[in-house]
Structures are given as structure tokens and as C-alpha cells.
Amino acid sequence: LIAEMATADCGEDLSLAILAAVERSGNVNTFQFAKDNGKVHQDVVGSMKSLSSLGDIIQTEQVQDEKWLLTEEGEGVVKNGSHEAFIFNTIPAEGGILQAELMKTGPNAKIGFSKAMSSGWIAIDKTDPAGPRVTRKVASITDTVCEQLQQVGNPGALSEKDLKEYKKRKLVQFVVVRSYNITKGAVFSTSIVKPEAELLPEMISSGSWKTTTFKPYNFDAMGSTLDCGHLHPLLKVRSQFRQIFLEMGFSEMPTNNYVESSFWNFDALFQPQQHPARDAHDTFFIKEPATCNNFPDDYLKRVHQVHQEGGYGSQGYGYDWKIEEAQKNLMRTHTTAVSARMLYKLAQQPEFQPAKYFSIDRVFRNESLDATHLAEFHQIEGVVADRNLTLGHLMGILQQFFHKLGIRKLRFKPAYNPYTEPSLEIFSYHDGLKKWVEIGNSGVFRPEMLLPMGLPKDVSVIAWGLSLERPTMIKYKINNIRDLVGHKIDLKMVKEAPIYLIDAQS
């Protein structure tokens, strides 16, 4: 508090000094005033603006001046002499000095030696057994550099050639100085009286308002903040994820069908009909319409066969596969159902073409709610189809993908998925929860999934999926997912959440 009061007093003293100078001369330039009084120019400008805010005490006009000024090194030359003069004066008049010793006499000895040689002041004797010896070539010198630098700032004192030479030596610099000319205003005074900002009832009752000076109304002041909509943090993060995928050359898949059949959601992925994920405790099934019958017949038969009897080098699951289970409609549990549709469509092309797909949309699971799980969330999925892809390709793409997202603390853990082999779980360290949190799953799609679609045998498909919510929680340091999504979220958080910028590394 004492420091703040002292700063305020200094600012008021500077303002009074400016007013006194205007009273004396009628016109004061802020840059010249700062130079003459040993002040920082920006402080002088700040005091001038404070005076301007008090009313029509002063008039100001901004001016721009281009001029040559000394650098810090140039000021040293004016004070102590040029580097070449220093070298000349260091050399004894009789006998000279070894060049190696001369080079140790100062930080600018090298440039000083070079300039003294070019000026013809010194000479080198290379016949000395101890090494090259530097001697004086003239009895005395005139330090022209020092004399000319003393004239910097005086218009016309130095030629353009000299100024360019000294600029090259970093002794002078050409600057554009923006300053203000201060003159008297209509109500100029050498004392500071702060105008009142409000008209109070006491002023009206006493009549003091008639002689009171009021601060002018600022019609340019910012008004109150308008109520308007704001992007949710999830939408901000989603746009960044989408941009990363597009930068990596991926194409976006259509994800407009929240309701999916069990066939595309499970069976096409080689997920058995007895799998726990297909139980009502984990999946939301649809009552009306309860079933779907629109499937490609040939593909349906191949999926039936690989589940029940095996094929394509697999013995299958060996159970009685039922079309009734495949027909059940449900709220899709993952966007991999969309990936399956796209891969089947890719397999129907006359000639296989490598492809990279991605999707970002909602999925639904009958989960128990806790700090990191919801029954409805967003899944991000990437799929790459090409010939002879391996687990190494998958891990390399994952590293690049997450590094572009600014997530660098990664771990991979072997896992099991019915439709990928090998499979990896992806973990990232959450600084808020102080633990490693699973942010995604990945793997190489099994041949039992791909070959019934009609894809060539040498084509592999690597894929990964992650939720949109967990990376958002990590980047926004939110510890509970219910503070991000749902009816309990703070709308102030949505309004004030900063723009999501990924600190990505290329």
C-alpha cells in the first residue's frame, strides 16, 4: 500500500511538473521533456493522459519524428572514446606490444584493431620471434568517431555515409519517435483539481453543484455485457479435434443415425451374441421400432457363417447365430458401427483404394454414473485402411495424433476387444485427479470382421477411439464429468471458458 501511495505521489508530482513547463513555454514536447528531466518517456505520456482525463486543462497533439540516436555501445564511445582509439592508446610508443596480448585488452579489441589498421594508425611486425608485434605507425591521432558521435541528433551534422557506417557498427540506430505536443487548454491551471464523477443528492440540496466541475460523460465507454449464447467447451474442443483429423488427411464419416441395428453395432464387428455388452444392463434397446430387416443378404450370410461355423482361417464362436438378435434396434454404443458401414462400402468398390476416416458424435451406454462416466457421451474414432498395416503403424499414428492434441503423457496397455487383435488401451495422466485415466481404445481389426465384407486379404485396418469428454476435462482441469455435461453444470463456466488452443507439436 505504501508503495502504491508513493507511486501515486510521484505521478502527481510529474503531472504538476508538466503543467509548470507548459505555463513557462506554452508548448511542451513529451519526448524532449523526458530527456531534459531524466524521466522515462512512457511515464510522461501516462501523466499527460491523466491530465487529459480531468477535462480541457491541456490540449495534446501526437507527432512523429524520425531521428538517429546513439545505441548503448555508441554512448560508451562518446564517454570513453572509440574502439580504435583505445587500441592505439594501449600500444606503447616504443617497442609496441604482442598482438596476442593486445587482443586481450578489451571486449572490442578485435574491431578496434581492424579499424586502427584500416586508418593507417598501426602496423604489424611479423619478424619478432615471440610472435606478431603491433607498433604505432603515427605519433598521434584524432578520434573522429568519438567527435562525430557527439553530434548525433543534430540535423545535418553527419553525412548519410557516416551514419550508415556507424549503424553497421551498431553505434547508432534510426528510430521513429512518437511523442505529444502539450499546449494550454480552455481551463488551464497549474494545480490539479479532480472533477466529480457523480451528481449527489447533497450537491443538489446545498447548491454546490453550480460551482462543481464534473467529469465529462464518456460516450465511447464500453456498455454492459450483452446476454448471448456461448459455445460449450465440448464444441470448442470438437472443432480442434476435427481440424487435427483434416490436417492428417482424414475424411469425415456420416454419423447422423443414433439408432442402429445390432447387426451393424455388434455382429458385423465379430462380437458374439452372448457378449455381456449386448445385455440390457449395458445397452439401451429401442421399443418402437424394435427391429430392422434392411441388411445386404450376401454379407449377412457371410457374417452368419463366420460367427457360427468359422472361416477365413478362424474357427468362429461355434454357437447358434440368430437373425432375431441381429435385427434388434438400439442406441448405438460406439461409432465403430459407422466405421463398419464405411468399410463395407469401401469393400464394394471395383478396386481397393486406401482410406482414412474419422467421426466425432454421440454414443449411448447404460453405465453407472461417476466422476468419469456418463450414460451419454461423445466418441472420437479414427480408421485407416491400407495394405500390410501393423501394430507399429497403429502406435506411430497414435503418438502423432495425440501429440498434435497436446497430450504427451501417454501409456499403452494390452487389452482385449472382440473385433481387434492385437488391442491396446490408451492412458493419459490427469494432473487434477493425480492418476492415469483411460482416454481411448485401439487395435487392428480382425480378419473375421474384414474378410466377410469383401476386402482383400492383404488389407489391414487400424482404428482407435476415445471420448471427447475426458481430453476436455484434462485440458480444462475439470475433475468431475458432471461439471462438464448435464443439468448441474455452471453456465458461468460455459460463458467464461477460454478458446481451446492446442499447444501442439509438429
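A search of the whole structure finds 13 salt bridges, each one a side-chain nitrogen of Lys or Arg within 4 Å of a carboxyl oxygen of Asp or Glu. This is a predicted model, in which local features need pLDDT of at least 70 and side-chain atom pairs count only at pLDDT 80 or more, while totals for chains, interfaces and linings use all residues. Residues are numbered from 1 along each chain as its sequence is written, and side-chain values use heavy atoms, with hydrogens and water left out.

Take R133 to begin with. Its partner is D128, with the closest N and O atoms 2.6 Å apart. R133 is partly exposed, at a relative accessible area of 21%. For that scale, buried is under 20% relative accessible area, exposed is over 50%, and partly exposed is in between, using a 1.4 Å probe and protein chains only.

E325 and K328 also form a salt bridge, at 3.0 Å from N to O. E325 is partly exposed at 25%, and K328 is partly exposed at 31%.

Now R332 and D361, which meet at 3.4 Å, N to O. R332 sits in the loop between strand 9 (329–331) and helix 15 (336–347), and D361 in strand 10, so the pair ties together parts 29 residues apart in sequence. Helices (H or I, at least four residues) and strands (E, at least two) are DSSP runs, numbered from the N terminus. Both R332 and D361 are buried.
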